[in-house]
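Thanks, everyone. Let's go through the packing of this chain, helix by helix and ring by ring.

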Amino acid sequence: MGSLVQFIFRYLNTTENDLNYWGLDYPPLTAYHSLLCAHVAKLINPEWVELHTSRGYESPAHKLFMRATVLVADILIYIPAVVVYCLYLVEGSTKKKVTTIFCILLYPGLTLIDYGHFQYNGVSLGLALWGVVGLGLGWDMLGSLAFTLALNYKQMELYHSLPFFCYLLGKCVKQGLSGRGLLLLVKVAVTVLVTFALCWLPFLSDSHQVLQVVHRLFPVARGLFEDKVANAWCSLNILIKIKTLMSTETQLSLSFVLTLLAVLPSSIKLFMKPTLWQFKLALVNSSLAFFLFSYQVHEKSILLPALPVCLLLSDLPLMAIWFLQVSTFSMLPLLLKDGLLLPYVVTSLAFLYFSLFLLSGLQRATDEQLRLQPYHALFSSILPCLPRFNLGRITKWKFVVSVVLMACLSLGIVVLEPPAQLPDLFPVLVSLISCSHFLGFLLYFNLLQLSEAPARRSSKKSN
């Protein structure tokens, strides 16, 4: 218990703990996980975690250990969640389920960030996926528990919180708030509150500690966005210097309002119709809206929309593959800083080839298979005189052009020198191109959810 109390001070600025170097900015479960890894590291080589002297320590053995801790966490949490989801919630043959498992695990974005950038996104994403599995199978208490743990591991899981809330509340209302629905609501509420209390138990004795942790979790002072993230604010900042023209309070208010407006339609639709299909689409729409419009967004936050998009690989292979490819490309400047050019190229090509081949992405791209009926209805209402386009074929060509463009820019950023007066030219181009894609995907997935396109078998499930 003494080491745990001492570890709590990683949230505080002391003579033994410089928050600018060693401070935690994640919820308590990350602290407990880090403490566990530190104890294991100390058993292997105490120099790895020695106070002060271990700062900046690098060695091949230490890097191997760090990657091994990521792998162990994935084996225990993320990979089983993917397997269970595909086996029980993906419809079709065993071959289709195994193929989907393989393609989800092959997604390069998560692999490059966790094993190259040395993070544990697989833990929070895995716990969130266990939450999806729980709700999808009708185990609402398990789903609530798993997602609460995910939220207590990384606060960015707030990107997924509205769909979980709207799905469960909609289900309670549907069952009747004077009967079974009220009982379910109470059980879910108790599960969430007890889980939060247990996770925060070491901090609850001192309100100052709780406030300090919350302050570390939401670092407003860092600004509206970081580096060249592919969201709306960074793209708009090229033309209008938002950070300079607006106060921090105005930036916070504006990002809050726009994020709320972007997530509201899909959240209301999910609340009115709490089905698994609606839930998965709402997860995409909510997390993508948060990424594009919320405050203090980092490049790797695109992994949060990427998770629910992975869950659509068996339903909408071409659109899911396209999104996942763009999401990896959007992190290219960050990956280059970490010296991950070769892994980026190899994993991206492998994912593109195997996913297109195994999931028949280019073959399953008709208007009906891509659920493009809402676009036909939209075009017909605006311009009724236009002939009916083959949107499936147009989408395939747009996909090919997009992949070629990303490949050319990936090559250019490595071999070409930017003009002296535009040193950030290539990172800015990556950000702009990726952001334009994400805005298009946000429109597509929202229209798909709000129109409730037909021929979706999983939409029969209401749990």
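What covers the buried residues of helix 16? Before I answer, a word on the basis. This is a predicted model, where local features need pLDDT of at least 70, side-chain atom pairs count only at pLDDT 80 or more, and totals for chains, interfaces and linings use all residues. Residues are numbered from 1 along each chain as its sequence is written, and side-chain values use heavy atoms, with hydrogens and water left out.

Back to helix 16. The cover includes helix 4 (60-89), helix 5, helix 6 (108-116), helix 7 (121-136), helix 15 and helix 17 (317-330). Helices here are DSSP runs of H or I, at least four residues, numbered from the N terminus. Buried means under 20% relative accessible area; exposed is over 50%, and partly exposed lies in between, with a 1.4 Å probe and protein chains only. Among the buried residues are L303, P305, P308 and C310.

Next, the core. The largest nonpolar core has 114 residues. Such a core is a set of buried Ala, Val, Leu, Ile, Met, Phe, Trp, Tyr and Cys residues joined through side-chain atoms within 4.5 Å. Helix 15 gives the most to this core: 13 residues. Y85, F279, F323, L324, F438, F441 and F445 have the most contacts inside it. Take F279. Leaving aside neighbours within four places in sequence, F279 is in contact (heavy atoms within 4.5 Å) with V132, L135, P163, F164, Y167 and L270.

Now the rings. Phe, Tyr and Trp rings (for Trp, the six-membered one) pair if their centres lie within 6.5 Å; planes under 30 degrees apart are stacked, over 60 edge-to-face, and the rest tilted. That rule gives 17 aromatic pairs. In one of them, F102 and F354 have ring centres 5.9 Å apart and planes at 85 degrees, so the pair is edge-to-face. F102 sits in helix 5 (residues 94-106) and F354 in helix 19 (residues 341-358), 252 residues apart. F102 is partly exposed at 37%. F354 is partly exposed too, at 33%.

Another pair is F291 and F438. Their centres are 5.7 Å apart and their planes at 85 degrees, so this pair is edge-to-face. F291 lies in helix 15 (residues 276-293) and F438 in helix 22 (residues 425-451), so the pair ties together parts 147 residues apart in sequence. F291 is buried, at 0%. F438 is buried, also at 0%. Ring pairs link both into a cluster with W322, F323, F399, F441, Y444 and F445.

Terms used
Helix = DSSP H or I, 4+ residues; strand = E, 2+ residues; numbered from the N terminus.
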